[in-house]
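This briefing goes through one protein model by topic. Please keep the sequence and the structure open while reading.

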Amino acid sequence: MRDRRLFFLAAAILLFFILVSLLGAQTESRLSFLVISSGDSLHEIASRLKDQGLIRSRLMFEIYANLSGADSKIKSGGYFLDAASTTPEVARVLRSGPETREILIVEGATLGEIDAKLAEAGIIASDSLRLLSPSDLVGEFPFLRQAVSLEGFLFPDTYRFLMGTPPREVARIFLSNFVRRTKGLVSTSSPKFYSTIIKASLLEKEAIRFKDRALIAGIIDARIAARIPLQIDATVAYIRCAGVFASCPALRRSDYTTKSPFNTYTVLGLPPGPIANPGLEAIRAALNPARSGFFYYLSDPKTAKIFFSETFDEHNQKRALYLGL
């Protein structure tokens with residue numbers, strides 16, 4: 001009888017510890033992001049869950065996953081997991097598969113801004129898209145051979161990504177959409193392809209209306225032919241704010257003399273790469289420059305209306321009137 005009581009006591013204690021070990025690692029809710037890669041073993045997954053404080057016991061997670069059949073059904077990808085979730089709840093989430101996030105990329109967004117947006121959503125690690133080399137993808141996308149970065153080719157659109165998608169796969173999704181959406185508009189094999197995308201990126205940041213963009217495209221061509229610096233403020237802002245226009249402060253006088261191949265005030269011709277990711281309308285404007293006698297333009301900061309001038313004197317008069325310079 002005594003042996004039986006000891007057996008039931010031991011069994012009760014064991015059951016108690018099993019139940020406790022299956023409870024949430026913490027009593028208060030705390031989200032943590034976990035990436036599971038294809039080929040990760042159950043032991044590796046359990047170890048990372050334990051290291052991140054998402055389960056109480058690595059061993060009990062492995063035992064539960066094996067007994068419940070979750071061990072062979074865990075899907076790779078990124079997960080936001082709650083430290084207050086029980087082990088069965090964590091296993092159920094990993095069996096269901098990673099979440100997806102819908103991401104809107106607007107016309108004119110930069111590589112740095114897109115990288116930050118995807119990182120904030122938990123799709124990639126910060127800077128992993130920005131630092132991806134075009135040479136890693138040039139085999140599949142030969143038009144990247146001239147590219148200094150992926151800037152200009154992350155086509156503005158609405159995307160749905162799995163959490164924790166590898167940066168290279170994210171880039172492939174963007175680039176494939178770029179090829180699909182620009183097909184019939186611009187040939188990636190054309191010798192003028194790269195310069196067209198650079199011009200389109202300038203137009204995307206300089207104007208909104210197609211008519212204005214086409215006129216500015218004509219001014220860019222005219223200035224390049226006349227060997228006059230383009231003097232486009234957006235390129236200077238791109239330098240100063242490291243490719244992130246959002247919340248970029250007003251330019252200072254000293255910014256215009258910054259030594260950089262992107263500084264169109266000090267370097268002739270187009271910058272060496274795009275300064276943003278243009279949409280279809282900006283690309284169309286770059287391909288259809290409007291011929292005019294204009295060499296100068298400025299934007300009224302109050303109305304965003306663009307005023308064009310043929311001579312420097314006329315331009316200075318408008319600068320005094322609209323910019324107070």
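The model is predicted. Its largest nonpolar core has 58 residues, and a second, separate core has 18. A search of the whole structure gives 17 aromatic pairs and one disulfide.

**Nonpolar cores**

- In the largest nonpolar core, the residues that touch the most other members are Leu 118, Leu 129, Leu 144, Leu 150, Phe 153 and Phe 174.
- Two or more residues of this core come from each of the helices H5 (111-120), H6 (167-182), H7 (193-206), H8 (210-225), H9 (233-240) and H10 (280-287), and from each of the strands S4 (158-162) and S6 (306-309).
- H7 supplies the largest share of this core, seven residues.
- Leaving aside neighbours within four places in sequence, Leu 118 is in contact with Ile 103, Ile 123, Ile 124, Leu 129, Phe 161, Val 170 and Phe 174.
- The second core, which is separate, includes Leu 34, Leu 42, Leu 49 and Phe 61.

**Helix H8**

- H8 has 16 residues and reaches 23 Å from its first C-alpha to its last, close to the 22 Å expected at 1.5 Å a residue.
- An α-helix has 3.6 residues a turn, so residues three or four places apart point the same way.
- In H8, the buried residues are Asp 212, Arg 213, Ala 214, Leu 215, Ile 216, Ala 217, Gly 218, Ile 219, Ile 220 and Arg 223.
- These buried residues pack against H7, H10, S6 and strand S5 (296-299).

**Aromatic pairs**

- A pair of aromatic rings is described by the distance of the centres and the angle of the planes.
- Among the 17 aromatic pairs in the structure, Phe 143 and Phe 153 form one that is tilted, with 5.5 Å centre to centre and 50° between the planes.
- Phe 143 and Phe 153 both lie in the loop between H5 and S4, so their pair ties together parts that are ten residues apart in sequence.
- Both Phe 143 and Phe 153 are buried.
- Phe 153 also pairs with Phe 193, and this pair is stacked, at 6.0 Å centre to centre and 25° between the planes.
- Because Phe 193 is in helix H7 and Phe 153 in the loop between H5 and S4, this second pair ties together parts that are 40 residues apart in sequence.
- Phe 153 has a relative accessible area of 0%, and Phe 193 has one of 2%; Phe 153 is buried, and Phe 193 is buried.
- Ring pairs link Phe 141, Phe 143, Phe 153, Phe 178, Phe 193 and Tyr 194 into a cluster.
- At another ring, that of Phe 245, the charged end of Lys 205 sits over the ring, 4.2 Å from its centre.

- The one disulfide found in the whole structure is formed by Cys 241 and Cys 248, with their sulfur atoms 1.8 Å apart.
- This link is right-handed, with 75° about the S-S bond.
- Cys 241 has 15% relative accessibility and therefore counts as buried, being under the 20% cut-off.
- Cys 248 has 21% relative accessibility and counts as partly exposed.
- Ser 247 lies in the loop between H9 and H10, and its phi is near 65°, a positive value in a residue other than glycine.
- At 77% relative accessibility, Ser 247 counts as exposed.

**Other single residues**

- Gln 231, in the loop between H8 and H9, has a positive phi of about 55° although it is not a glycine.
- With a relative accessible area of 36%, Gln 231 is partly exposed.
- Glu 62 is part of helix H3 (residues 58-68) and counts as buried at 15% relative accessibility.
- Not counting residues up to four places away in sequence, Glu 62 touches Leu 42, His 43 and Ala 46; Leu 42 is one of the residues of the second core.
- Leu 321 is in helix H11 (residues 312-323) and is exposed, with a relative accessible area of 61%.
- Leu 321 and Ala 70 are 251 residues apart along the chain, and their C-alpha atoms are separated by 70 Å.

Key
Residues numbered from 1 in each chain as written. Predicted model: local features only at pLDDT ≥ 70, side-chain atom pairs only at ≥ 80, totals over all residues. Heavy atoms only, no water. Core = buried A, V, L, I, M, F, W, Y, C linked by side-chain atoms within 4.5 Å. Buried < 20%, exposed > 50% of the residue type's maximum accessible area, 1.4 Å probe, protein only. Helix = DSSP H or I, 4+ residues; strand = E, 2+ residues; numbered from the N terminus. Contact = heavy atoms within 4.5 Å. Expected span 1.5 Å × (residues − 1). Disulfide = S-S within 2.5 Å. Phe/Tyr/Trp six-rings, centres within 6.5 Å; stacked < 30°, edge-to-face > 60°. Lys NZ or Arg CZ within 6 Å of the ring centre and 35° of its normal.
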